[in-house]
Amino acid sequence: MATKLLLMFAICRLIVTVGLTVDPSELLRLGVDGQLSVDPFDVETASLDFGLISRSEPMAVLHPGSADDIARLVQAAYLSSQGFTVSARGHGHSINGQAQTSNGVVIEMSGGSRGSRLGMGNLAKPQVAVKEMHVDVWGGELWIDVLRSTLEHGLAPKSWTDYLYLSVGGTLSNGGISGQAFNHGPQISNVYELDVVTGKGELMTCSEEKNSKLFHAVLGGLGQFGIITRARIALEPAPQRVRWIRVLYSNFSTFTGDQEYLISMHGKPSTLKFDYVEGFVIVDEGLINNWRSSFFSPRNPVKISSVGANGGVLYCLEITKNYDESTGDTIDQEVEALMKNLNFIPSTVFTTDLPYTDFLDRVHRAELKLRAKGLWEVPHPWLNLFVPRSRIADLDRGVFKGILGNNKTSGPILIYPMNKNKWDQRNSVVTPDEDVFYLVALLRSALDNGEETQSLEYLTHQNRKILRFCDDAGIKVKQYLPHYTTREEWMDHFGDKWDRFYQRKMEFDPRRILATGQRIFNPSSASTSTVSPW
């Protein structure tokens, strides 16, 4: 009875606020398995995200008990007279309010325990098909839990993100990248099948063979075409251990030359290539020995001045080789053979061996340290850019050695290349028009410590300065996890993919009610079909 009264209150609030035309008793009879909540704690949680830059309070929060719950809610929004919006929220790791809404309902996809997921049937826990080498998972499942479930069968997904406490639906709506992407492609290139609730409230299964237009629209689609409720993820045998290696460079072209050589080996047998290729830029001595770089021994800190950094900047190549205990006898020889072709500073080789799971979960360990110091729940004005290979040296000169040069920074600056042929161009995500492009990720935290260069205002201004530099220099970057506020910016971002993106939106979410926090389209009214999507 208490649950029904709370649900009735939430529905009545929606009616008063947005003119919902469905009678409350009718919604109650829809048989919602979960809970529609207006609890202040739930609402406040859904109002914020990891970025802590924007805040938008929803009218209610749905804790779904099934995919049907989500379909019923979206259908109610689609059929309402004035329309209310619906945003799916995973682990809340967005930066600029992409999963927020102030005129509708937020669906907490990753909230609650598995035991509370009534009506999800087998999806209450990831279902591993060992023979077929795939796993079916709920869209709100965190990748760390996917890993734990698949490892019980000696298997693991092929492609990862650096941080595993992200939802499956969240990363698949953006891309999902890490150091394995050069070889396996992003996470969106390793999906066999999806269940999706469209903006019309239709629950549809899609794949390469079935409803393929929806399948490719949703992958990298920024939540614009549907809410992922189930994903079928490709698996491979899980290695037991990882040889983790870091080496330093003082010359940028040598550094990128080695990175590009390593990713060119993607078609070679596993013994002739590394399994993971990343890197980062070191613009001050504090960063190389900070939390992300705790790999280096605090008893023997690395000094930029000691290795002859060019322009006060160093570059770190990060590579790994997977192996099992049965092949441990040959790992040294394999790594040594691969390292012979690289041109790093000889005295700067740092190596460690650790279990595969510990390597994949490495950023969470850093998170726990930051939480203990009160440095995790702070604003994160992150900027992620895809940069064409032909202009990466210009970015180094203008940004790493220019705008950022010798500034104390409060977070890692990642840089690593990927192969465009590992990205399916039928998907919605956009990348530069070159065979090789780089991710440059400024993953900085704004700190209230009295230092102007680490304030939110300063870092946000610096991000705008970097984007303006790229624009003035004609460097055709594409934002990853993009954030724009005008139609012109979004059209420029998608380029020649814009018309297809717009047509897909009109087909699968014609009233533009999904993921309005992305600020791509404005929601429409059912009574006014000619309302501008802008």
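**Entry 1: Cavities**

A cavity is a set of grid points where a 1.4 Å probe fits but cannot get out. I applied this to the structure, which is a predicted model. By this rule I count 4 cavities of 30 Å³ or more. I then turned to the second largest cavity, with a volume of about 70 Å³.

Which residues line the second largest cavity? I listed Asn174, Gly220, Leu222, Ser428, Val429 and Val430. The lining also takes in Gln479, Tyr480, Leu481, Pro482, His493 and Phe494. I sorted the lining by type and got 7 nonpolar residues, 5 polar ones and no charged ones.

**Entry 2: The second largest pocket**

Next I looked up a pocket. The second largest pocket has a volume of about 1200 Å³. I found 43 residues lining this pocket, and Leu467, Val477, Lys478, Gln479 and Tyr484 are the closest to its centre. Gln479 is also in the lining of the second largest cavity.

Which element gives the most to the lining of the second largest pocket? I found that helix H15 does, with 7 residues. Strand S15 (383–388), H15, strand S18 (478–479) and helix H16 (487–494) each supply at least two lining residues. By type, I noted that the pocket lining divides into 16 nonpolar, 14 polar and 13 charged residues.

Is asparagine 463 buried or exposed? I read 9% relative accessibility for asparagine 463. Buried means under 20%, so asparagine 463 counts as buried. I then looked up its contacts, leaving aside neighbours within four places in sequence. Asparagine 463 is in contact with Pro381, Trp382, Leu383 and Arg444.

**Entry 3: The whole protein**

I stepped back for totals. The protein has 17 helices and 18 strands. Of its 534 residues, 57% count as buried. I also checked contacts between residues at least 6 apart in sequence. Of these contacts, 74% join residues at least 24 apart.

**Entry 4: A sheet of 4 strands**

I traced an open sheet of 4 strands, with mixed pairing and the order S1-S2-S4-S3. Which strands are at the edges? Strand S1 (35–37) and strand S3 (85–89) are, and each pairs on one side only. I noted a twist that averages 25° from one strand to the next.

I looked at one pairing in detail. S3 and strand S4 (residues 104–108) run parallel, with 5 bridges between them. Arginine 89 has glutamate 108 in S4 as its bridge partner.

What lies across this sheet's strands? I found helix H3 (residues 40–47) across S1, strand S2 (60–63), S3 and S4. H3 runs at about 95° to S2.

How many residues of strand S16 (residues 413–419) are buried? I counted 7 of its 7. Ile413, Ile415, Pro417 and Asn419 point one way from S16. Leu414, Tyr416 and Met418 point the other way.

I then looked up two pairings of S16. Strand S17 (residues 436–442) runs antiparallel to S16, and 7 bridges join the two. Tyrosine 416 stands opposite leucine 439 in S17. S12 and S16 also pair in the antiparallel sense, over 2 bridges. Here I found valine 281 opposite isoleucine 413 in S16.

**Entry 5: Serine 264**

I looked up serine 264, which sits in the loop between helix H9 (252–263) and S12. Serine 264 has 44% relative accessibility, so it counts as partly exposed. How far is the C-alpha atom of serine 264 from that of asparagine 419? I found a separation of 8.0 Å, though these residues are 155 apart along the chain. Asn419 is one of the buried residues of S16.

**Entry 6: Helix H13**

My last stop was helix H13 (residues 362–372). Its buried residues are Arg362, Val363, His364, Ala366, Glu367 and Leu370. What do these residues pack against? I found strand S11 (241–249), strand S12 (276–282) and helix H12 (356–360). S12 is also the strand that pairs with S16 over 2 bridges. After H13 comes glycine 374, and I noted its positive phi, near 70°.

Key. Residues numbered from 1 in each chain as written. Predicted model: local features only at pLDDT ≥ 70, side-chain atom pairs only at ≥ 80, totals over all residues. Heavy atoms only, no water. Pairing = 2+ DSSP bridges. Axes fitted to C-alpha atoms, helices over the stretch in contact; angles between N-to-C directions. Contact = heavy atoms within 4.5 Å. Buried < 20%, exposed > 50% of the residue type's maximum accessible area, 1.4 Å probe, protein only. 1 Å grid on protein atoms, 1.4 Å probe; cavity = no way out; pocket = protein on both sides within 12 Å on 5 of 7 lines; lining within 4 Å. Points joined across faces, edges and corners; volume = space filled by probe spheres on them. Nonpolar A, V, L, I, M, F, W, Y, C, P; charged D, E, K, R; others polar.
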